[in-house]
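Here is a friendly walk through the contact between two protein chains. Have the structure open as you read.

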Amino acid sequence: MRGGAAVLPASSSDRWAVAMAMRLERHDCSLGSHSKQMRYSTTPQPLRHQGSRKIMATSSSSPPQPGGAVVAERRGIPAASFVEDVQTYLNQLGLDVNSTLAFLQERLQQYKVVEMKLLAQQRDLQAKIPDIEKCLDVVATLQAKKGTGEALLTDFEVSEGIYSRARIEDTDSVCLWLGANVMLEYSCEEATSLLQKNLENAKASLEVLVADLQFLRDQVTITQVTIARVYNWDVHQRRVRQASASQDS
Amino acid sequence: MQQAGGGSETEVTWEDQQNINKFGRLNNRYHELEDEIRIAKEANENFEDASNELILTDEEVVRFQIGEVFAHVPKDEVEMRIEKMTETTSKHLEKLKDEKDAVVAQMADLKKVLYAKFKDSINLEED
């Protein structure tokens, strides 16, 4: 390794791009007979869910949303519509309480699947950011040693638990592992700027991902609240009916 | 966080829903912050251990891990590096703690608002 270049994984930016393309897969989910199929897609597209569009339309006629329009979806994740009034909501869906609850539960499951995927992506990114930082650290160390005339002595791992000693003389370049079995030699300056760029990309991706997760969790919360309300409404209706029945007799 | 039983229907408005969402977000962030704070504290403890060991050792050159490799670095430079790392982590830790305080305060406010409206038909406590 004398005079040679250190090998660092660069985690190329395309890999972020691939990871971040939000492969939510074709998650075809049937929404029951009242609506067409809806799916999470990679490209933003208007909601193919007529039921919810109807609901959106009515809920915007009563002015519940301060700050204007409600987002219909975010990067392929459909928004959960807020239910103003349970009775109207059920009429719109044209479903009874039980099928509505089943439909909402199904939707909740779908959200959970997407959440798992996003969380996995988040963990990935959170692991990669320190990795890149480490690489930057090494390049900085090499650069700092350059021109001092003394070699950098290092112990490096050859194989699990086996270390060997390397003497790195004045070096101008490092090799970055770009992935896909490709390694490229860069000058220290170029390597730093590439790694820096990758770091920024990773951080930006993480930020977007966190926002996606927040959006998703809001939809989960809305759906959970809706389920509770539909359920409570049903219980309430039954009691009213029971009360009036016992009065009649 | 769910509204439990009870046949009585309290009207849930979009504003309430948004408050509930916000509470959910804050609660999530709170747990993230707790984790991050724990990690930062551990890092600082490790730095402290390392610098204590440095004081005890007789060696002039120590192996300092940079990335995946152990570089042979003079003792005083390592001391400097550890000091710098401790400083960075401590600053980060302060920021995290401040954010946690802010989150806790906001959650307390939202709890007041939501409990006032929904009484015991909403549960905002951890299990």
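## The buried area

Between chain A and chain B, about 2700 Å² is buried, and carbon and sulfur atoms give 51% of that area. Buried area here is the accessible area (1.4 Å probe) that two parts lose on being put together, summed over both. On the chain A side, the most area is lost to chain B by A:Phe82, A:Asp155 and A:Asn232, together 18% of what that side buries.

This is a predicted model, in which local features need pLDDT of at least 70 and side-chain atom pairs pLDDT 80 or more, while totals for chains, interfaces and linings use all residues. Residues are numbered from 1 along each chain as its sequence is written, chains are lettered from A in the order in which they are written, and side-chain values use heavy atoms, without hydrogens and water.

## Who touches whom

Counting contacts (heavy atoms within 4.5 Å), 32 residues of chain A meet 28 residues of chain B.

The rule finds 3 salt bridges across the interface, each a side-chain nitrogen of Lys or Arg within 4 Å of a carboxyl oxygen of Asp or Glu. In one salt bridge, the side chains of A:Asp218 and B:Arg25 come together at 2.8 Å, N to O. Helix 5 (188-248) of chain A is among the elements that supply at least two residues each to the side touching chain B, and helix 5 gives the most, with 15 residues. Helices are DSSP runs of H or I, at least four residues, and strands are runs of E, at least two, numbered from the N terminus.

## Strands across the interface

Strand 4 of chain A pairs with strand 2 (residues 69-74) of chain B in the antiparallel sense over 2 bridges; pairing requires that DSSP finds at least two bridges between the strands. Opposite A:Asp155 stands B:Phe70, in strand 2 of chain B.
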